[in-house]
Amino acid sequence: MKERRSIAAPASGSVKALSDDSGIEYWHGRILVTSQGYILPTSTPVNHYLRISPRLLALVPAAVAINLVVGTITRELSLPVYLDTIGTVLVAAVSGFGPGVLVGAVSQLLLGLLTGYQYLPFVVIQWLLALLVALAASYHGFRSVFRTVLWGLACGACCGALSAVISYTLFGGSTGGGVGWLTAALRSAGLPLGVAVAIGSSSTDLLDKTIVIVVTGMLLRTLPRRILGRFPRAARAVGQ
Amino acid sequence: MTLIASDLWFRYPVQQDWALRGVDLSITPGEVTWFTGALGSGTSTMLLALAGLAPRLTGGERRGAVTLDGRDISDGSVLGRGIGYLGASPMLQLSGITNSVRDEVAVGPMNLGWPAARIAEAVVDAMARLDISHLAARAPGKLSGGETQRLLLAALLASAPSTWLLDEPFAALDRGSAARVGAMLRQLADAGHRVVVACDDADQMLGLADRILVFNSGSPVLDDLPDRILAGDQILVARAGTSDAATLAFMAGFAAPRPVRREDLLRQVELDPAATPHETESSSSGAPALDFANVGFSYRSEEPVLSDLTFSIAKGEAVGLFGANGAGKSTALRLAMALEYPVRGVVTTLGRPTAGRFPEHFAPQVGYLFQQPERQLFASSVTQECLLAPTVAGWNGDRAATAVAGVLEELGLADTAKEHPYDLPLPRRRLVALAAILAADPELLLLDEPTAGLDAVSRDLVIGAVRRRVEGGRAVLAITHDPLFAHEALDRGLLLDQCRLVLDGPVRDVIDDRRLRQPAALVIAIALGLPPGADRRNEVARLIERS
Amino acid sequence: MTLARRAHPFTTGAVALTAVTLALLLADTQDVIVLYLVTVLVAVATGAGAGVRRGLYVVVPIWALLFILQVLLGLDPRTAAPWGGTMSVPGVQFALSQGSRLAVIATASLAFATTFDPQRFLQASIARGWPFGAAFLLVATLDAADRLASQARQLREAQRTRGVMVSGSLATRARALPALIFPLLLTSLTEADDRALALDTRGLLLTGRRTAIDPPADSPTGRALRWLMLVLVIAAAVWRVRR
């Protein structure tokens, strides 16, 4: 915590909390790497370690829990989507790429305790999603419904493609759950396995991720001022 | 050894207004210091600033200085500097890393790196002093509000801080626990600790505090001995809030300086507490709004939660449901809303048996206010939130808009109609949840602790809203621990004990029978035959202006 | 308490991790099948049999899909199948090796999960001086998941009493979504500051040495077992590289 102060010494007589925008810093020697990608020299050398801001330390568990719980809610409503990455998307949009990656990683680790670690490779989908949503946020991607849908489709397409690749190479298309059975149905209809996996995985992900991003956009555009003030990236995401 | 704020200014992020404005004060060891003031007067923020948490963790901007023993307070962790801080929402302050009360109490010492033997000793001692030893093996997340509060106080005590900054420490406590905590704070102060308490519970603090600071608009406007301040009309004159005790002292004709104690007040008006009258006639008529006939309930094959419960609530009647924790109060309320179904007997809500029906079938003709109702708000403005119920009721746009505007006006929310509910302070957010339920003019209101966590002004608004509904022929069933609300809003009381109905009569009888705290203010108000709630304060305010 | 629950969490973790690593390193189908059987035996013998059952729930659908996609509809050449039709030769090979490999991973991780006690793990981490932040994050997340799940249940009830329909047509159910999830997101964001505050006031942000409270006992056998697991993994890796 001391090291942090050494970068931005407060003006005399006035203490202002540093913007907690990203919340993750990586220190090595005299170099500080923040999750926004800034590389700053520090005045005092420190051992390399990862430091997470208290607010992020409080937010990440909640976001991971949101991923799990929203997955349950959509299942109870028997909706044809999962939305179980909404916590990752939300945090990536309001806090940036680094926090989004953290939420994705912890989510997948925790999910492994419930469904086994064979699905761990799918963590890269969460990371890609965090990257794209953070990008969308910094380009005012949530300003209007139209822009949100476009970004949603783009994210959905990318995630779908990646998930098809993972599913084909590691599982031969046999990833339990709805996607697997959709793939099987397409394959029995005569499509080659590669095509069946590609269509099965990417259509599911395209729909799911697009809706996740659209729903998150609905929330972001109507966030209370108090939250916007605490998460400046959210304000930027909706073009304020 | 001093904690000093000098010319302290503080504002939260994106706020133009300063929450603290040029505060100068020093907190003395060996004293219990009491911060009080109306909602938004800055007492909670002051505690955060004294703890060094604002702006370090809250964000925002600080000018001026807060120092502990000459060092800036932002320097280092709160606990590491010997500061025990307790926020107003106990549930949010659990560590989340333990599965027993015993371990939760040990979290502070564990993080401070004490030797294991010392930790074990401190934990046992702290649990005994807060009377939670019997809960040692329970899961911290499954405790009641009062138990959680005691757990957190024990956790602070175990880490042996020398400065105690407590925000509403008595809020969730019953009478016995509050007295116990009060005695503990007294002992701590006498042992040379600094103890600062922010709350507006005059009955609790009057005998405890050595010094009172009354805040208004971000700085202390009065700073004196509690007896002196509370005995007169100073708080009202300083426009720093409406302490019930102060109001009534004024009504009873006390001049400052003079201590306000229940006994003194009663002697002044020549009354005996046992002889305080209460005359509310319930005007029941027509078909009951809610009827329980020989209702029994248990979760699966476990012990019964309710057995052979029979009562009915007429239209135009406000009924309170009383009893200890676990007596089955919440279950009775849930049965009335078809959230649970009776195992034996029949529950009839608005003339329809609940069996085979779902909560959706009774919405919005039945309004159900849950505990912590602010956590169910989802719309982007207060008005939008309130429009849900009229929409469900199928009202057209104009009728719905008029109804919502009326309810918002009634609950003092008209100026926040376009605000996001989550931008409002907690008590007002709770009022929004109530407004959302009242908007479609329900015929039966089921209220679970409707005044919990509300300030005096908000509580008066709730009391007023309930009374108007009852006079308009609506029925109310409420669970409450708030004696003021019970007295002023309810007619009849039902007392549950060990799953059975043991008393059904005027609310006053039930309250007298219970160990509910009876604020001196309430006793006097009844004795003097003063009007309830907001009317009483308005009357006093008029009198002050005239005098 | 079963052996697996009594054991030091690092030991059970090491055993599970070894099973997963071996599943990825072993190349021959028979070896992987044997590994699965060994995993099941170890899990049942140490009292983590529930993990085997939960593992089956997860892998049986995967096996079914592998059978359809690879065995029935797999690539040529094909051969006569015991049930009459034909089946893909490389498909059978792939289904058997991949099916048992995934089964090992699922069974080992779920058997570990049934024995995993977050609080014991945290105390073990503190006792061994592992980074507190990482262990805290994992344990606090499990706690948050519990808390949020019960918040979601209460929320569902609350919105139903306000007339939000949670069943009916697809459109009706979709309309219920904001009422059921927005409060979770909004309260999580607004409460983040309060919880961050609590982290400081409870001393969880302190950087010095912490004291473990009743850390799980480690035994020489446990330590030896962990070394053995390491040797096993290295041996398998060397064997795999030299082949």
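Trainee: Which residues of helix H6 (residues 118-128) of chain C are buried?

Mentor: A residue is buried if 20 or more other C-beta atoms, placed from the backbone, lie within 10 Å of its own. In helix H6 of chain C, the buried residues are C:Pro118, C:Phe121, C:Leu122, C:Gln123, C:Ala124, C:Ser125 and C:Ile126. Helices are DSSP runs (H or I, at least four residues), numbered from the N terminus. This is a predicted model, in which local features need pLDDT of at least 70, side-chain atom pairs count only at pLDDT 80 or more, and totals for chains, interfaces and linings use all residues. Residues are numbered from 1 along each chain as its sequence is written, while chains are lettered from A and ligands numbered from 1 in the order in which they are written.

Trainee: Against which helices do the buried residues of H6(C) pack?

Mentor: They pack against helix H2 (9-25) and helix H7 (132-161) of chain C. Just after H6(C), C:Gly129 has a positive phi of about 70 degrees.

Trainee: At what angle do helix H3 (residues 86-95) and helix H4 (residues 97-115) of chain A pack?

Mentor: Angles run from 0 to 180 degrees between N-to-C directions, and axes are lines fitted to C-alpha atoms, for helices over the stretch in contact. Here the angle is about 160 degrees, and the axes of H3(A) and H4(A) are 7 Å apart. These two helices are therefore roughly antiparallel (the term for angles over 145 degrees). Residues are in contact if their C-beta atoms, placed from the backbone, lie within 7 Å. Among those making this contact are A:Val91 of H3(A) and A:Val103 of H4(A).

Trainee: How many residues do chain B and chain C bring to their contact?

Mentor: Chain B gives 48 residues and chain C gives 46 residues.

Methods
Contact = placed C-beta atoms within 7 Å. Buried ≥ 20, exposed ≤ 12 C-beta atoms within 10 Å, placed from the backbone. Parallel < 35°, antiparallel > 145°, perpendicular 65-115°, else oblique.
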